[in-house]
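Subject: A structure for you to look at

Hello,

Here is the structure I promised to pass on. Please open it first, and then read on for what turned up in it.

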Amino acid sequence: MPTSGSATPAADGACAGFDLRHHGDAEVRGADADLTDLAVNVRAGTPPDWLKARIAASLDGLAAYPDGRAAREAVAACHGLPVGRVLLTAGVAEAFVLLARAIAAQRPVVVHPQFTEPEAALRDAGHTVERVLLDERNGFQLAPDAVPEDADLVVIGNPTNPTSVLHPADALAGLARPGRTLVVDEAFMDAVPGERESLAARTDVPGLVVLRSLTKTWGLAGLRIGYVLAEPDTITALERVQPLWPVSSPALTAAEACCAPPALAEAARAADRTAADRAHLADRLAELAEVRVCGPAAGPFLLIHLPGAAAIRTRLRELGFAVRRGDTFPGLGPDWLRIAVRDRATTDRFVIALAKAIAESAA
């Protein structure tokens, strides 16, 4: 496995042994829907009632084609940007597909471990993708010199899924180069108190593309709404490969509502609660000698290393809990699990089950 000091082409076929299209929702489908869900990183108890009411009211206008102007203006105002720097998308996943189709990259690089969809989208578009693997011995922190100097498309998450690492904004901005598109996936940035280290409002970083999601904090994964922030020429290029009316009217209503000042204040309070609940989860996990928590963490999830994690994950399902397997992320393996942050009562129940599963596996 390459270290943080090297980049390597991603193999075809089985994607070098990683199922890039496996995501947390696969853990809680069908008969598994009744499991306590610690596999999906959508905030529990969402969407809030006021948001559901706004979305429901929009249904009266379904006969008309979607008009994204008001939502686009709301997103732009939220970040203090011109409207021409905003593109609304059907979630961040669509944005990755658009980038893969629109950017004529000769040497695209994806920094792992991270959300696997950008690499999958690039590969599907015919690109040969190189991986930079961050080192767990360094807490999966960014090693800027590991990114090839001639890479003309670089993708990195912040805070990163699944490591929960928050990279310094200046370090990410330092990856920018003439002729390079720098894609920073900030899908979980609104779960970080104060959105510290965000690049969303920056217009001084050449080639910067910031991706944001409204599905995690607001519980809108089934509605599909996100957006791209970039230079106007990049936005135009992405629009050219985007289907007509890609974002539904209810999703546009949600975007406008979630960018209003009262919603931003609610999201800020939710981020503070998530940080406190994450600290509780980390403290409880620290009670288990077999568990090593990756940190410091900044996202609404924790990455843990646990010998025998694959078998323990199966036992946890029998005990009523779903967690995210780590072996589908390049740079990780079968002894890694990702755990979503939940309320303290849920965490306490989970840690009891985890301790039982670990004890049984050692017996």
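A question to begin with: is Glu197 buried, partly exposed or exposed? With a relative accessible area of 31%, Glu197 counts as partly exposed. Please keep in mind that this is a predicted model.

**Backbone**

Glu197 sits in the loop between β7 (181–185) and β8 (208–213). Although Glu197 is not a glycine, its phi is positive, at about 75°. Phe140 is another residue to look at here: phi is near 60°, again positive in a residue other than glycine. You will find Phe140 in the loop between β5 (130–133) and β6. Phe140 is buried, because its relative accessible area is 2% and the cut-off for buried is under 20%.

Two peptide bonds also deserve a look. Thr46 and Pro47 are joined by a cis peptide bond, with omega about 0°. Pro47 belongs to the loop between β2 (36–38) and α1. The bond from Asn161 to Pro162 is cis as well, with omega near 20°, and Pro162 lies in the loop between β6 (153–157) and α5 (169–173). As background, most residues other than glycine have a negative phi, and most peptide bonds are trans.

How much of α8 is covered? Nine of its ten residues are buried, so to speak most of the helix. The buried ones are Ser249, Pro250, Ala251, Leu252, Thr253, Ala254, Ala255, Ala257 and Cys258. What do they pack against? Their partners are α1 (49–57), α2 (69–79), β3 (86–89), α6 (215–218) and α9 (261–285).

Leaving aside its neighbours within four places in sequence, Leu88 is in contact with Gly68, Ala71, Arg72, Val75, Gly226, Tyr227, Gln242, Val247 and Leu252. Leu252 is also among the buried residues of α8.

**A nonpolar patch on the surface**

Tyr65, Leu244 and Trp245 make a nonpolar surface patch of about 420 Å². Leu244 is in the loop between α7 (232–240) and α8. Leu244 counts as exposed because its relative accessibility is 64%, where exposed means over 50%.

**Salt bridges**

How many salt bridges does a search of the whole structure find? The search finds 25. Here are some of them.

- Arg212 pairs with Glu186, and their closest N and O atoms are 3.1 Å apart. The pair links distant parts of the chain: Arg212 is in strand β8 and Glu186 in the loop between β7 and β8, 26 residues apart. Both Arg212 and Glu186 are buried.
- Arg284 pairs with Glu287, with the closest N and O atoms 3.0 Å apart. Arg284 counts as buried at 18% relative accessibility, whereas Glu287 counts as exposed at 53%.
- Glu360 and Arg315 meet through their side chains at 2.5 Å, N to O. This pair also links distant parts of the chain, with Glu360 in helix α11 (residues 344–362) and Arg315 in helix α10 (residues 309–318), 45 residues apart. Glu360 is partly exposed, with a relative accessible area of 33%, and Arg315 is partly exposed too, at 22%.

**What the record says**

An unreviewed UniProt entry places the feature "domain: Aminotransferase class I/classII large" at residues 34–352. In the model, the end C-alpha atoms of that span lie 19 Å apart, and the span is 35% helix and 17% strand.

Notes:
Residues numbered from 1 in each chain as written. Predicted model: local features only at pLDDT ≥ 70, side-chain atom pairs only at ≥ 80, totals over all residues. Heavy atoms only, no water. Contact = heavy atoms within 4.5 Å. Patch = residues over 30% accessible without salt bridge, like charges linked within 9 Å, V, L, I, M, F, W, Y side chains within 5 Å. Areas by Shrake-Rupley, 256 points an atom, 1.4 Å probe, with all protein chains shown as cover. Salt bridge = Lys/Arg side-chain N within 4 Å of Asp/Glu carboxyl O. Helix = DSSP H or I, 4+ residues; strand = E, 2+ residues; numbered from the N terminus. Buried < 20%, exposed > 50% of the residue type's maximum accessible area, 1.4 Å probe, protein only. UniProt positions renumbered as here; feature names shortened; annotations may be inferred.
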